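Could you walk me through this model in my viewer, telling me what to select at each stop and what is there?

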Amino acid sequence: DSAHTYRVKPPPTTKLRVVLESPEGIPIANEEWTLTVDGKTFTGTTGSDGVMQAVVPVKAKKASVKVRELTWDLQVGGLNPLDADVADGGISGAQQRLANLGYAISAIDGQLNEETVAALKSFQAAAEIQESGALDDDTRAAFVKIYGC
């Protein structure tokens, strides 16, 4: 005959932060967006820098973003590290970030091939650092600054 009260904690969440750009590389500023994650819909407006932010379930794996007539399918929930002391020297982590930022990466394979070197050089040019094509400390720092991690 006793009553018990239980509190159910909400599922853990994380912040999804993406810079949305037009095909020409121009930030899509102050535009309404729709994000679908695991069947749940979120809406908002991009910032003046094209940033879209939403709080999503931490276990989410796939998402879809729509702005105007543009749609992107995203893989969320995990990125390989950029650290030099991991098995591939952080190359697969760099490839994931480059692909997510729109650079031409056809495979996330941890190989520093011609395609990855070219994408790294383009990223380095955009970040205004030395265009070496290598995943050096300055490039890792630029990923953290531009990509957020």
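Here is a short tour of the cores and the helix packing.

This is a predicted model, in which local features need pLDDT of at least 70 and side-chain atom pairs count only at pLDDT 80 or more, while totals for chains, interfaces and linings use all residues. Residues are numbered from 1 along each chain as its sequence is written, and side-chain values use heavy atoms, with hydrogens and water left out.

Start with Leu 35 and Met 52, which touch the most other members of the 18-residue largest nonpolar core. Such a core is a set of buried Ala, Val, Leu, Ile, Met, Phe, Trp, Tyr and Cys residues joined through side-chain atoms within 4.5 Å; buried means under 20% relative accessible area (1.4 Å probe, protein chains only).

Next, pick Ile 91, Phe 123, Ala 127 and Ala 142, which are included in a second, separate core of twelve residues.

Move on to helices α2 (residues 114-126) and α3 (residues 137-147), whose axes come within 11 Å and cross at roughly 65 degrees. Helices here are DSSP runs (H or I, at least four residues), numbered from the N terminus, and axes are lines fitted to C-alpha atoms over the stretch in contact, with angles from 0 to 180 degrees between N-to-C directions. Select Leu 120, Phe 123 and Gln 124 of α2, then Thr 139, Ala 142, Phe 143 and Ile 146 of α3, to see the contact.

Finish at Ile 91, Gln 95 and Leu 98 in α1, which meet Thr 116, Ala 119, Leu 120 and Phe 123 in α2. Helix α1 (residues 91-100) packs against α2 at about 60 degrees, with the axes 11 Å apart.

Conventions:
Buried means under 20% relative accessible area, exposed over 50%, partly exposed in between (1.4 Å probe, protein chains only). Helices (H or I, at least four residues) and strands (E, at least two) are DSSP runs, numbered from the N terminus. Contact means heavy atoms within 4.5 Å.
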